[in-house]
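This report looks at how two chains meet and at one residue away from that question. Please view the structure first.

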Amino acid sequence: MSKALLYDATMCIGCKQCEGACAEQNKLPYDDKVAGEAVQSEHKYTVVLTKDDKFMRRLCMHCQHPACASVCPVGAFHKTAEGPVVYDVWKCIGCRYCMVACPFAQPKYEWQSLNPRVRKCIMCPDRLKAGKQTACAEICPTGATKFGERDDLIKEAQERIRQNPSNYIPHIYGLAEVGGTSVLLLSGVPFEQFGYPKSEKIGDVALPEYTMRVLSKIPDFIPLWALVLGGVYWITHRREDVAAAETQDKTHGGAQ
Amino acid sequence: MKFKLTLWKLVFVVIMGLGIYSAYVRYAHGLGAVSNMNDQFPWGIWIGFDVLCGVMLAAGGFIVTGAVHLLNIERLHSIVRPTILTAFLGYCLVIIGLCFDLGRPWFIWHQLIYMNPHSVMFEVGFCVMFYTAVLFFEFLPNVLERFNLKKPLAWVKNIMAVLVVAGILLSTLHQSSLGTLYLIMPSKLHPFWYSPALPFFFFGSAIAVGLAMTIFESTLSSRKFGRQLELPVLIELGGALLVVLWVNALLRAEDLYRRDQLANVFKPSYETYFLWLEVLLAFVIPITLLSFKKVRQSPNGLYLAAVTCLLGFVTNRLNVSVTGFETWVGHHYVPKWTEFMITLSIIAAGFALFGLAVKYLPIFPAEEHTAARQVEAKARPVPVAPVLEHAGD
């Protein structure tokens, strides 16, 4: 039902073909210079990081409950039924709240542009609609990036850990993090070595929950507070009217 | 005196000139050229100061209108107009500041059609928009009186009750929601500042700053525009400020204790220094000053307490929006000089517009009930300043 990517760092050979395919798919420049950049940017949605002989991919995690979509004042981000978190550039006003809110720091900005857009991996939604897999998964020569149903990929990841426990740290990153993501990661070394936030730090709670705990009270709060304020206004001014009427009565009575 | 004036005018012209140059860089070369914001620090001082602090510094508007119109505290009446002016200018400047910060400010109206009710930013945007409209109407009588337009003046006075209630309601919502903005980042914001109670802290600090700003602005007005200082009113505000500061301080301490952060407060770290700077300026110094009756009743004492309090809460909001993220990001953000110039120009424009409004509009000869003033005079040992030079109404 919902599509996902499983990236297995132990199978990755660091060929960076996913980077090139991603650039081509999204019509971004890709040459040796870009290939040498070890950071994501507005022109590099995914990056293969190298540390000693270990590799790790970084890309948008396509959260099940994306913070970026929840915080955007104009709803420029949304999670599609197929899994990708996509961006409607024509809605965007450029407030960059998505960038501040994302726990994985994935949205990047066209800082040099006069009509800047937020840029990030959008999981090839057009290809998915056409029944194809993502460009990065298609090109991967070792199957380190695998495309499929999220549920199937979770089972496969569990199976891989079970069959080869010495190869993996026993954790599927993205299974539960911030309420689950559509990108799942397996690795032999801790994920935070490659800049992923620690699982216990970001937690399993879907991040929009934190705001909804407050926002959900507002519809009740508004009429209640308005009633209190209106009531106070009425009482204080009523008191004034009464006092005015009384003094008028008195002076009237005194004069007669 | 004359020399001093020209000096200030010179400062103003220099700031505005550099500000206009920075604005040119912003719109001709983009956000990357004008600021030190980047993918790691997408929000800089234009959000941290211009918006977060701007809205807070304009909070006096809803607090004083609330006290006077809602609670019917008549003796504060004379400060309503200048506070509304401050608030109205403040919100206008926040919106102008946003037009520099937004990547696509020409689409700011998208808020009205692509509404996302799950977004705190949407709620803040809507409240700020409506509240600026409310402030416009609360400010309008100044202009109408100036041109002696009696009929529209009567219309505005008719809806004043609705305006006041709507203003307080909208302010409660968006002042607190500025804190709610940060609730979605529990892993990014440093635990000194991330708290589920952020909305309450933002609202509480807005009340403190609203009071402090009113003292600050009244004192400056009396010094610069030759207006009589209304010491009894300011003393009253100072007393309220002391109480509000205590409440704020105790809630903050309790929150740090409950989240097991109290021990870390004494461990030296980058964040600890900034936390203490904030605590010192926002709580320790003003609370100490205001606790002495002698200080609380002197114009200079009140002014000093108000200014440190303002600096303290500005530090607080910059800590929430900048300092608190630096460890997560892994490096520091220091604004570029052009970024500073935009912010300084906005502040300078605020002072200049305030001065112009005071010069051309009936901001100060506010209607005041003589009865209330007589009561005031009896209750207070301090001589009441004669406010009504032009007893118009």
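What is the count of salt bridges between chain B and chain A? In this predicted model, the count is one. The salt bridge joins the side chains of A:R96 and B:D101, at 2.7 Å from N to O. Polar contacts across the interface of chain B and chain A come to 28 residue pairs, both residues being at pLDDT 80 or more.

On the side of chain B that touches chain A, several helices supply at least two residues each, among them α1 (2–29), α7 (120–146) and α14 (299–329). Helix α9(B) gives the most, with seven residues. By class, that side of chain B has 35 nonpolar, 15 polar and seven charged residues.

The extent of the interface is set out below.

| Item | Value |
|---|---|
| Residues of chain B in contact with chain A | 57 residues |
| Residues of chain A in contact with chain B | 54 residues |
| Area buried between chain B and chain A | about 4700 Å² |
| Part of that area on carbon and sulfur atoms | 63% |

B:D39, B:R104 and B:I184 supply 17% of the area that chain B buries against chain A, more than any other three residues.

A:R127 lies in helix α5 (residues 125–129) of chain A. A:R127 counts as buried because its relative accessibility is 11%, and the cut-off for buried is under 20%. A polar atom of its side chain lies 2.7 Å from the backbone oxygen of A:Q133. Leaving aside neighbours within four places in sequence, the contacts of A:R127 include A:Q25, A:K132 and A:E138.

Terms used:
Residues numbered from 1 in each chain as written. Chains lettered and ligands numbered in written order. Predicted model: local features only at pLDDT ≥ 70, side-chain atom pairs only at ≥ 80, totals over all residues. Heavy atoms only, no water. Contact = heavy atoms within 4.5 Å. Buried area = accessible area lost by both parts, 1.4 Å probe. Salt bridge = Lys/Arg side-chain N within 4 Å of Asp/Glu carboxyl O. Polar contact = N/O pair within 3.5 Å; in protein donor to acceptor, adjacent residues only side chain to side chain. Helix = DSSP H or I, 4+ residues; strand = E, 2+ residues; numbered from the N terminus. Nonpolar A, V, L, I, M, F, W, Y, C, P; charged D, E, K, R; others polar. Buried < 20%, exposed > 50% of the residue type's maximum accessible area, 1.4 Å probe, protein only.
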